[in-house]
Amino acid sequence: MSDETTTGIDNRKLLMWVFLGSDCMFFASLIGTYLIYKGTGNLDIGPVDVFDIPTTSVSTFVLLMSSMSMVFAYAYLVRNNINAFRIWMVSTIIMGATFLGFQVFEFSEFYFHYDLSPQTNLFGTTFYALTGTHGLHVTVGVVWLAIIFYSSLFRNSVSAETNLDLDLAALYWHFVDIVWIVIFAVVYLFGTFPGFPS
Amino acid sequence: MTSIPLKLPFKLNLSRPTNPTGVMDWITTIDHKKIGILYGVTAFIMFITGGIEALLIRTQLAGPELKIVAPDVYNQLFTMHATTMIFLGVMPLSAAFFNYIIPLQIGARDVAFPRLNAFSYWTFLFGALIMKSSWFLGGSPNAGWFGYAPITTTTFNPGNGIDFWIVGLQVLGIASLAASFNFIVTIINMRAPGLSFMRLPLFTWMTFITAILLVLAFPVITVALIELMLDRTFDFNFFNTKAGANPLLWQHLFWIFGHPEVYILILPAMGIVSEILPTFSKKPVFGYAAMVLAAAFIAFMGWLVWSHHMFTTGLGPIANSVFTITTMLIAVPTGVKMFNWLGTMWGGDIEFNTPVLFSVGFLSMFLIGGISGVMHSFSASDYQQQDTYFIVAHIHYVLFGGAIFAIFAGIYYWFPKFTGRMYDEKLGKQNFWLMFIGQNITFFPMHFVGMQGMPRRIFTYDSEMGWAFWNGVESFAAYVVAFGVLLFIINMIKSWISGPKADGDPWDGRTLEWSISSPPPVYNFLDVPKVESLDDFWHKKQKKNKSVKSKTNPKSIHLPQASYWPMLVSLGLAIAGYGIIYNLVVCGIGLAMVLVTVCAWSWEPVNEPDAH
């Protein structure tokens, strides 16, 4: 196989972009379902009752910072500073895991404290399906980054020449972050903002 | 290519297949040509099973108040017939052409991701088996190919059939997505030097547009299927009307996917016809740029018309008017294509062999289907036609007279390239006329009984209704079509085994696949071709340059090597799929298998460093 491509862009990077385009439609359908059902069905328990905006703001902030940390990790890898790369990788993974921890806390709080399960009403169904799918995406991202970090502990297996492997994971990671910004705005902020039409 | 020699945290000693033979060769192959043949043969077998289902339907409807199949079996038959023909027949038959032809038309040695390609085939095969195995495991899906919720929720449909449908479609969706990612990257990134986008053969263009549609449309149905699966397996409320769910949600999600899907079915067929007509008219295609733009416009408009499937659900006059207009607009680019095909043939030195007959059959049948399509694009008139045999007539004119005729044309056209042998022209023509006449007598009277009010999806009808005569005629003609297909199978098997040898360019072709021997060598092109114009190969033949003997040694060409992993990942997915239906622990085992095999796959280098 020839190493050169028609456009000069690596095949795998192009594949990642096409996949992310496809994933956009995936989340668009889930968010669409959520919005269609917003404010319908059994309204005994809804966004205003369960959301704790300050807590979720903290976890959102952590996830956004993990994207910045990801940028640093990539930048240091390209400069072949493997030690700094490792530090920023660990920081990205920890922040991603922290976000997941917040989500586990939030889900259990809703479930045990507010008695909100996916079976309760349409809000429960659509909320858990949407944020759960996003959480699954973050989990995949954390595992992916952890595998790259793990292999970087062995000599020469991760280096500036092979930065594309990290680049792909980073693209995915930033995408998952952006999706969360949309979810945080549409589900959390619009859900609790007083006077916002439901 | 940059690839990290990652250290494995665990040892997986399944040594790589080197020069496998026989069955092992087909299981581990990542050669796009072999995968194309696997795709084609598998999809054709599925097409036959769908045809048997259709014959059973027609036999049951041959006369009034017949009791050949029970009503609940009849429901399963029409559901499986449509699901099979769309997802296991036409789509993978198109995919067979993508696999075999695209790398050849763009001057590449293989697709961008050969192992992903193998994965998409095996996933398709397992998805098809999951879907079809429902016949033997307690009953098939029975709610129509669109599976409208809430009728598909456990409240109204407690059996396993719908679960097979949900899981089967998701697995098939993964296969289609993997193939489409692959073809988008291949067409953007693997073109031969000089082969700019506006020099691409039209079939490659149609494949590219189809793959983009697929990548954007399949996630939508995947979400709908996941929602239905969560409802059925974990009692979520997406389609639970008791909890206030909206029964139109499924219809919207399904048709937002479903209408682009219609173009996913027909655009490859249009691409095939756009290759055949210029070749046998001995003329370049008329209005190349207009053909490309019309297809792009059709693909774009395909996203703005989904509610014309829902005119009678009460969306209101504004929505119905808007979707009437957007739907009618699609007739314009389709008309552009139709006139360009006619323009291509006009004044040409046309050779009426089997591929051309099928292509002209496509034009005329698709035109009739298009005209009845414009009739029910008008929402007021659709109120009379909705859910009648008029719609059945329309869909079969565009999908059978349209897509299937074009696919048959393509099989005949590329048969010498696939096999290195010629098909039997006389049998081919008999095959065409039987199918052409049979299909018109089968489907044209459906317009009449539809207008008389015969509803779709009824297992029998009263003799007083006056539908008996035409239904009898339709059922008889359905067997004529089946006999035509039988001649096709005989022709294919006979010619593949003992047909006369074909050379590399039997049709005086224009595109790059004809510049190499038939069947092509494993590396396709000894030297990567340099392209200077549209129909470059044809222009170079006119200059009558003596072809320079290539000095490249075939042994020096590095090709990606066979691999076990794609098939094993697909197998894991199939186990997980059955697990969702029967036992969640099995599902977990399947997913674990997917995880392990995906890791092993990604750590397996594309080429072993020491292999040649």
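Trainee: In which helix of chain B is the place of Val41(B)?

Mentor: This is a predicted model, in which local features need pLDDT of at least 70 and side-chain atom pairs count only at pLDDT 80 or more, while totals for chains, interfaces and linings use all residues. Residues are numbered from 1 along each chain as its sequence is written, chains are lettered from A and ligands numbered from 1 in the order in which they are written, and side-chain values use heavy atoms, without hydrogens and water. Helices are DSSP runs (H or I, at least four residues) numbered from the N terminus, and Val41(B) sits in helix α2.

Trainee: Does Val41(B) count as buried, partly exposed or exposed?

Mentor: Buried means under 20% relative accessible area, exposed over 50%, and partly exposed in between (1.4 Å probe, protein chains only). Val41(B) has 39% relative accessibility, so this residue counts as partly exposed.

Trainee: Why does Lys132(B) count as buried?

Mentor: Lys132(B) belongs to helix α4 of chain B, residues 114-133. Lys132(B) is buried because its relative accessible area is 11%.

Trainee: Which side chain meets that of Glu604(B) in a salt bridge?

Mentor: Chain B is divided into domain 1 (34-538) and domain 2 (560-612), with bounds from an automatic or database domain assignment. Across their interface the rule finds one salt bridge, meaning a side-chain nitrogen of Lys or Arg within 4 Å of a carboxyl oxygen of Asp or Glu. At 3.0 Å, N to O, the partner of Glu604(B) is Arg115(B).

Key
Helix = DSSP H or I, 4+ residues; strand = E, 2+ residues; numbered from the N terminus.
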